[in-house]
Amino acid sequence: MKRILIANRGEIALRILRACRQLGIEAVVAYSEADRESRAVLIADEAICIGPAEAKKSYLSAPALIAAALATGCDAIHPGYGFLSENAAFAEAVAAHGLTFIGPSAEVLERFESKAAVRALLAKHGLPTIPGSDGVVADVEAAAKAAAKIGYPVILKASAGGGGRGMRVVGSPDELAAAFPICTQEAQSAFNDGSLYLEKYLVDTHHVEVQIAVDHAGTALHFGERDCSVQRRHQKLVEESPSTALSPKVREELLARAAKAIGAAGYRNVGTLEFLVGSDGKPYFIEINCRIQVEHPVTETVTGVDLVALQIALARGDDMPLAQADVERRGHAIEFRLTAEDPEHEFRPQAGEIGAFRSPSGPWVRFDSHLYAGYEVPPYYDSLLAKLIVWGATREEAIARSRAALREVEIEGVATTRDFFLGLLETPTFLEGRATTGWIDAAGTAAILAAAPRREGA
Amino acid sequence: MPQDRDRLDARATSDEEEMSVLIDSLLPVLVDRLDETGLGEIEVERNGATIRVRAARAGAPVSAAATASPSAAAAPAGAASAAGPRKQAVRSTAVGFVTLSSEVHVGAKVAKGGLVAVIDTLGVANEVRAEQGGIVAVLRCATGDPVEYGQELLLLESLGEGAR
């Protein structure tokens with residue numbers, strides 16, 4: 001592997017570019033017309049315009065991306081996250097043109113595509129799962145029957161989905177009957193697949209996920225867990241490692257079982273197993289993400305392992321370069337997703353030109369961002385501007401450093417979530433590690449924002 | 001992607017020989033074409049040398065005044081890239097490999113909406129059509145070249161106001 005096409009944008013394009021440079025691999029950045037002035041394009045050795053701003057004709061166009069790789073002499077494509085990163089048909093087309101897809105093969109992606117099927121597969125390999133319907137529920141009658149057996153409340157979910165779409169919590173048979181057609185329709189329009197499954201709805205849950213990696217021979221390692229419970233409308237805002245929701249005994253057992261199960265189930269390359277941890281402290285497997293994730297730096301920070309470099313090595317067929325005992329987890333890391341959203345107005349997405357820009361720095365501070373002063377945030381894509389990742393020997397130390405680092409962040413021109421995070425870091429629920437997935441929505445973002453200290457020159 | 005950045009260097013290395021070949025082989029053809037098309041000016045770049053043929057007077061039958069610019073220093077700054085205001089760029093509609101239409105060459109007349117090239121994007125043919133009619137003044141690519149979305153493929157000189 002000598003030359004990689006980076007088929008993504010924003011901060012992750014930059015992250016992959018950095019990994020390529022460290023590995024001595026050439027990188028070509030593919031970009032849409034709207035991203036001509038993005039940082040990855042500006043600093044890349046080579047960049048190629050693949051289409052207009054509309055993602056469907058650029059970052060979501062398999063022919064455009066593969067043609068761009070061939071036109072620039074690349075031998076591999078890194079899909080980043082989102083867009084085509086978990087698309088089996090894309091992975092297959094990439095391979096059919098003699099290129100390496102940096103991720104699981106098409107065959108593996110297909111096997112791990114359906115959430116319902118994956119739950120059944122991994123349950124067979126020893127992972128605890130939430131009581132739920134036996135796969136997809138065909139119609140509203142089947143759903144009602146399954147719900148009665150499991151016990152309300154239950155949550156309806158799109159089998160092909162993610163990101164909260166096609167999802168509803170229902171507390172009674174009447175609510176289920178009303179929600180079923182709505183979810184089917186939402187799932188159909190969002191994922192082109194209206195099939196639904198349902199499962200017991202756990203209240204006061206933590207979202208805990210295990211980072212894993214598997215080589216071609218099935219050697220599987222885990223890299224600890226991340227707690228992503230701080231969410232707003234199912235969108236992650238803050239991630240940290242380790243989780244405050246697991247006892248040491250439960251944690252070690254969960255991590256060991258996750259690595260063993262995912263290797264045995266035939267998964268390859270890096271991935272993430274997501275679990276919900278109920279108020280009883282027990283984790284239940286919910287789904288797998290077959291890609292590098294936004295929050296991967298949390299794990300990199302506590303383990304010292306470069307996950308993007310590992311992903312590239314595994315994609316080209318290297319043996320697992322380290323053993324489980326080499327993966328040492330040290331201290332505590334927290335990531336904040338700074339987005340172009342206005343927390344004072346329902347997190348309304350922002351676009352526009354960045355005026356002044358200052359990134360935080362200092363010991364144990366990492367700031368992954370494609371921003372610069374004068375950069376125009378385009379309105380077409382997701383609103384992630386930067387990820388701030390901070391490490392401390394303890395959670396308390398990481399939090400104290402996070403406050404200091406957040407105060408250094410200066411992004412003018414668009415509203416951002418910075419002050420919301422400063423408020424979050426004053427909130428007892430977060431400070432005590434009690435934030436559950438429903439907490440922000442229940443508490444309201446205004447209350448959290450109001451807790452932000454008003455300081456001159458902050 | 002292939003861009004203009006190497007062009008000046010290449011031009012500086014062109015020599016007398018290249019010029020005489022251009023003049024012998026190309027000049028008569030260009031003069032004829034200028035006559036046929038009623039175009040005000042035709043410019044061709046080849047192997048780093050530029051040859052420009054300009055009609056003497058508006059509307060008059062061509063008694064061609066020909067100039068050739070053998071080096072970057074002699075050429076007006078950015079003669080090719082800073083096209084005059086009447087030159088319209090035709091841009092690639094996709095990323096892939098370009099095939100120019102067989103009738104597209106310097107001096108050829110292209111009708112408004114005419115097919116000038118096809119971009120092959122993994123077997124999918126993406127048409128490139130001229131938004132306005134004109135005469136091909138400069139070719140920026142050759143058949144088989146890899147091109148990116150939005151790349152200039154050729155410059156058209158607009159019809160009707162051809163002579164200066």
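1. A residue counts as buried here if 20 or more other C-beta atoms lie within 10 Å of its own C-beta atom. The structure is a predicted model. By that cut-off, buried residues make up 35% of the 164 residues in chain B. For chain A, the buried share is 51% of 458 residues.

2. Start with the overall build of chain A. The chain holds 16 helices and 22 strands. Its radius of gyration is 21 Å, close to the 23 Å that the globule rule gives for 458 residues, so chain A is as compact as a globular protein of that length. Along the principal axes, the C-alpha atoms of chain A fill a box of roughly 60 × 60 × 45 Å. Take the contacts in chain A between residues at least 6 apart in sequence: 66% of them join residues at least 24 apart.

3. β1(A) and β2(A) are parallel and share four bridges. In that pairing, A:Ile4 sits opposite A:Ala27.

4. β2(A) also pairs with β3(A), residues 46-51. The two strands run parallel, with five bridges between them. Here A:Ser32 faces A:Gly51. β2(A) spans residues 26-32, and six of its seven residues are buried.

5. Which residues touch the most other members of the largest nonpolar core? They are A:Leu5, A:Ile6, A:Val29, A:Ala30, A:Ala68 and A:Ile77, in a core of 118 residues. Helix α3(A), residues 62-71, gives the most to this core, namely eight residues. There is also a second, separate core of 35 residues; A:Ala333, A:Phe336, A:Val414 and A:Leu424 are among its members. As background, nonpolar side chains tend to be buried together in soluble globular proteins.

6. Residues up to four places away in sequence are not counted here. On that basis A:Ala30 touches A:Leu5, A:Ile6 and A:Ala7, as well as A:Ile48 and A:Ile50. A:Leu65 and A:Ala68 complete its contacts.

7. Next, helix α4(A), residues 88-96. Its buried residues include A:Ala88, A:Phe90, A:Ala91, A:Ala93 and A:Val94. What do the buried residues of α4(A) pack against? Their partners in chain A are α3, β4 (76-78), β5 (100-101) and α5 (106-111). After α4(A) comes A:Gly98, with a positive phi near 75°.

8. A:Ala62 belongs to helix α3(A). Is A:Ala62 buried or partly exposed? It has 18 C-beta neighbours inside 10 Å, so A:Ala62 counts as partly exposed. Neighbours within four places in sequence aside, A:Ala62 is in contact with A:Leu84, A:Phe90 and A:Ala93. A:Ala62 and A:Ala93 are 31 residues apart along the chain, yet their C-alpha atoms are separated by 7.8 Å.

9. Chain B has its own make-up. It has two helices and eleven strands. In sequence order, its pattern is α-α-β-β-β-β-β-β-β-β-β-β-β. Among chain B contacts between residues at least 6 apart in sequence, 62% join residues at least 24 apart.

10. Now the open sheet in chain B. Four strands take the order β4-β11-β9-β6, with antiparallel pairing. β4 (87-91) and β6 (109-110) of chain B are at the edges with a single partner strand each, so one side of each is left without a neighbour in the sheet. β6(B) pairs with β9(B), residues 134-139, over two antiparallel bridges. B:Lys109 stands opposite B:Ile135 in this pairing.

11. Chain B also has a hairpin to check. Strands β7(B), residues 115-121, and β8(B), residues 124-129, are antiparallel and joined by six bridges. B:Leu115 lies opposite B:Arg129. The hairpin has two residues between the strands, and B:Leu122 takes a positive phi near 55°.

12. Last, the contact between the chains. Chain B supplies twelve residues and chain A supplies eleven residues. On the chain B side, eight residues are nonpolar, three are polar and one is charged.

Definitions and conventions
Residues are numbered from 1 along each chain as its sequence is written. Chains are lettered from A and ligands numbered from 1 in the order in which they are written. This is a predicted model: local features need pLDDT of at least 70, side-chain atom pairs count only at pLDDT 80 or more; totals for chains, interfaces and linings use all residues. A residue is buried if 20 or more other C-beta atoms lie within 10 Å of its own, exposed if 12 or fewer, and partly exposed in between; C-beta atoms are placed from the backbone. Two strands pair if DSSP finds at least two bridges between them. The radius of gyration is taken over C-alpha atoms; the globule rule is 2.2 Å times the number of residues to the power 0.38. Two residues are in contact if their C-beta atoms, placed from the backbone, lie within 7 Å. Ala, Val, Leu, Ile, Met, Phe, Trp, Tyr, Cys and Pro count as nonpolar, Asp, Glu, Lys and Arg as charged, and the others, Gly among them, as polar. A nonpolar core is a set of buried Ala, Val, Leu, Ile, Met, Phe, Trp, Tyr and Cys residues joined through C-beta atoms within 7 Å.
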